[in-house]
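Grab a pencil and open the viewer. Below are a few exercises, each with a worked solution to check yourself against.

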Amino acid sequence: MAPRNKTVPPGDAPRVIDQGSVWILVAAPSIWAAHFLLSYWVAAIWCAKLGRGTTLMEPRWIIAGLGALCIAAIIGLAVLAIRRYGGVFVIIEEITESSERARDRFVGHVALLLCVLSAVAILFTVIPGMVLGEC
Amino acid sequence: MRALGATATLTLLAGCSGRHNWLAAAGEEAQSVETLFWVVLAGAAVIWSLVIGAATYAHRAEAKPHREREARRFIIWGGVVLPVLVVCGLLVWGLLILRHITSDDGALTVRVDGERWWWRVIYDTPEGPVTTANEIRLPLGERTLFKLTADDVIHSFWVPALGGKMDMIPGRETTLALTPRKLGNWGGLCAEFCGGAHALMRFDAVVMEPGAFVRWLEQEARPAQVAEGDRGFAVFEEEGCGACHAIRGTEAQGPVGPDLTHLASRDKLGAGIYAMTPDNMARWITDTHEMKPDIDMPAYPGLQGERLDALVSFLMSLE
Ligand SMILES: [Cu+2]
């Protein structure tokens, strides 16, 4: 989706995550999904290769480390949502106007909330891994 | 209407009493789940009251603008931070309970194999495995570790008053510990739909004084006392029951159905569903599928009169 925005200097390639584009909405949930899948694979391959009765002592740190990386990426996205889209956590005045600016603010708001949700979801994948370290 | 409400409440309460009641825990593991339940319930009641209170207040109070900063702070702390912390806390608590009740230690190990629709039970003792079925006895106050598996489809092992439940999965071994704190005969059941007679797949979990338990287990380990030339045992052999059932100490070694070595010492017949009486035993053999639909045991309607009586009294003597 090409940015319809006039502030992009001519000659610059359009950025995927910038005003006018809605890709930022799927970014955070996709990071969560990737983390979930990777954790699943790591644990499954670990247990399958090393057999039952082995513990998840080491892979739990891989899962936690991946989690930290993913949460860092999500924080980065949240910063973008605030800086480039003017997103806020709590919308006090309803957004009713039909304009580029209002649409961006709405996308920024939704993206921020999705960032929070995805970060919490990642936490919920990491916690069981840390508490229950068994195949 | 009121009568209907009262009846419904009574029925519900009746459902929550007695030997299947997980809200009157008789074991440590059920107790930890019960405590968690009450805490969650109380917390939910508080949150519900606050939310409804706030809604009522908002509805009644005169509308006037709030300061933006305050409103924002209220939403972020009350709507995001607090719920995340509470849910994380509950998650960790629940996981710790799960870790404790599945951890691999216990004074006694019992292997239970879920079959359609009965339970194969094997006590691991220093003298070797002791096989029985459809009834589980446990020593009071000791932690018993169950190693669970299934033969055909997924079952689930649950003694609500003592603890659980835990899935029994073909080709896998799951673990569950039970530490009974009250003497009694508690009800156990399969908690995962597993086909036709699923609702009739039950067992008794009998909690005994440790001394009595040791004596019971010793008795259970002994082979059956079958008199030379016993008429009932002859019928048992002629009818081919031994192809499916084992009676230790005899030729009968079939692994398909429940071990019958000490059948009559069980409180119930047919996986926890009928009283162990000669009448029920006779009907079990002649009208098998009326007693328990779909099961893998053939009915023997032709077995009547003196031969049936001899077989029944032989089975009832297997103590
Ligand atoms: Cu079952």
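The exercises that follow all use this predicted model.

**Exercise 1. Find the residues that coordinate the copper ion, and work out the geometry of the site.**

Solution. 
- Start with the donors. The copper ion is held by ND1 of B:His155, SG of B:Cys190, SG of B:Cys194 and SD of B:Met201, at 2.1 to 2.6 Å.
- Next, look at the spacing along the chain. Written as a pattern, the donor residues read H-x34-C-x3-C-x6-M.
- Now the angles. The four donor atoms subtend 94 to 123° around the copper ion. To call four donors tetrahedral, all angles have to lie between 85 and 135 degrees. The arrangement is therefore tetrahedral.
- For reference, the ideal angle for four tetrahedral donors is 109.5 degrees.

**Exercise 2. Take the salt bridge between B:Arg181 and B:Glu28 and say which parts of chain B the pair ties together.**

Solution. 
- The idea behind it: side chains of opposite charge can pair when their charged atoms come close.
- Here the N to O distance is 2.1 Å between the side chains of B:Arg181 and B:Glu28.
- Locate both ends. B:Arg181 sits in the loop between strand E8 (174–178) and strand E9 (184–190), while B:Glu28 belongs to helix H2 (residues 28–60), so the pair ties together parts of chain B that are 153 residues apart in sequence.
- Then the accessibility. B:Arg181 has a relative accessible area of 47% and is partly exposed; B:Glu28, at 33%, is partly exposed as well.

**Exercise 3. Compare the UniProt annotation of chain B with the secondary structure of the model.**

Solution. 
- The unreviewed UniProt entry places "transmembrane region" at residues 36–58 and 74–98 of chain B.
- Residues 36–58 of chain B come out as 100% helix and 0% strand, with end C-alpha atoms 33 Å apart.
- Residues 74–98 of chain B are also 100% helix and 0% strand, and their end C-alpha atoms lie 35 Å apart.
- UniProt (unreviewed entry) also gives "domain: Cytochrome oxidase subunit II copper A binding" at residues 105–219 of chain B. That span is 9% helix and 56% strand, with 25 Å between its end C-alpha atoms.

**Exercise 4. Describe the contact between chain A and chain B: how many residues, how much buried area, and how many salt bridges?**

Solution. 
- Count the residues: 13 from chain A and 18 from chain B take part in the contact.

Technical notes:
Residues numbered from 1 in each chain as written. Chains lettered and ligands numbered in written order. Predicted model: local features only at pLDDT ≥ 70, side-chain atom pairs only at ≥ 80, totals over all residues. Heavy atoms only, no water. Donors = N, O, S within 2.8 Å, 3.2 Å for Na, K, Ca; no water. Tetrahedral: all angles 85-135°; square planar, octahedral: opposite > 155°, others 65-115°. Salt bridge = Lys/Arg side-chain N within 4 Å of Asp/Glu carboxyl O. Helix = DSSP H or I, 4+ residues; strand = E, 2+ residues; numbered from the N terminus. Buried < 20%, exposed > 50% of the residue type's maximum accessible area, 1.4 Å probe, protein only. UniProt positions renumbered as here; feature names shortened; annotations may be inferred. Contact = heavy atoms within 4.5 Å.
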